[in-house]
Amino acid sequence: MSPEAARAVLLHCCGSRRWAHRMAAHRPYPDAGTLLAAADEASYDLSQADLTEALAAEHSAELDHGAPYAALLALDAAHAEYERKFGHGFVICLDGHPPEEQADQLLGAIRRRMGHEVDEERSISADELRRVAQSRLLDLTRRLTRSEGASVAETGLFAPVG
């Protein structure tokens, strides 16, 4: 992939242009561990403006449509209140939680985090955004290698052009 195409794909993992540029510019990544370490480093180096951009690109975490109606209503109300208070969507990484626990995890987390001060919540959101970006990167690499039967480096996503 060209650097521009790689940045466009990486923007789906984290909505910061600076993060995506940095991740694309430092290709190739020899393995998933190196890729995730680079993603962490890029996430920790985001400025406040970069973090604002990334948070603005996120959509609040949702429950699947099979969730109980009462949970969906409660979550909608909680999201609205959270966005009013903090100015961005609620970000949480639910990796490791089975689908049947995600509603409780999501609702419990948003209620707990509503009690935070803005600066504290921004810090927690930044860490959750980092975890979500890592999860998306892993999902992306799995999909590429599964669908094409090739390694990530061979797909061109993380290998330099030419």
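Predicted model: local features only at pLDDT ≥ 70, side-chain atom pairs only at ≥ 80, totals over all residues.
**Close-up 1. The largest cavity and its lining.** The volume of the largest cavity comes to about 30 Å³. Its lining is made up of Arg-18, Trp-19, Arg-22, Ala-42, Asp-45 and Leu-46, and helix α2, which spans residues 17-25, provides the largest share of that lining with three residues. When the lining residues of the largest cavity are sorted by class, three are nonpolar and three are charged, while no polar residue is found among them.

**Close-up 2. The largest pocket and its lining.** The largest pocket has a volume of about 350 Å³, and 22 residues line it, with Ala-61, Glu-62, Ile-92, Leu-94 and Gln-102 lying nearest its centre. The elements that contribute two or more residues to this lining are α6 (99-113) and α7 (118-148), and of the elements it is α6 that gives the most, with four residues. By class, the lining of the largest pocket consists of 12 nonpolar, four polar and six charged residues.

**Close-up 3. The second largest pocket and its lining.** Helices α3 (32-44), α4 (48-57) and α7 each supply at least two residues of the lining, and the largest share, six residues, comes from α7. The lining of the second largest pocket divides by class into six nonpolar, three polar and three charged residues.

**Close-up 4. Helices α5 and α6 where they meet.** Two packed helices are described by the angle between their axes and the distance between the axes. The axes of α5 (residues 69-86) and α6 come within 10 Å and cross at roughly 30°. Because angles under 35 degrees count as roughly parallel, α5 is described as roughly parallel to α6. The crossing in which α5 passes α6 is left-handed. On the α5 side, the contact involves Ala-71, Ala-74, Leu-75, Ala-78, His-79, Tyr-82 and Phe-86, and these meet Leu-106, Leu-107, Ile-110, Arg-111 and Arg-113 in α6. The residues of the contact of α5 with α6 comprise nine nonpolar, one polar and two charged.

Conventions
Residues numbered from 1 in each chain as written. Heavy atoms only, no water. 1 Å grid on protein atoms, 1.4 Å probe; cavity = no way out; pocket = protein on both sides within 12 Å on 5 of 7 lines; lining within 4 Å. Points joined across faces, edges and corners; volume = space filled by probe spheres on them. Nonpolar A, V, L, I, M, F, W, Y, C, P; charged D, E, K, R; others polar. Axes fitted to C-alpha atoms, helices over the stretch in contact; angles between N-to-C directions. Parallel < 35°, antiparallel > 145°, perpendicular 65-115°, else oblique. Left-handed = near helix turned anticlockwise from the far one by under 90°. Contact = heavy atoms within 4.5 Å.
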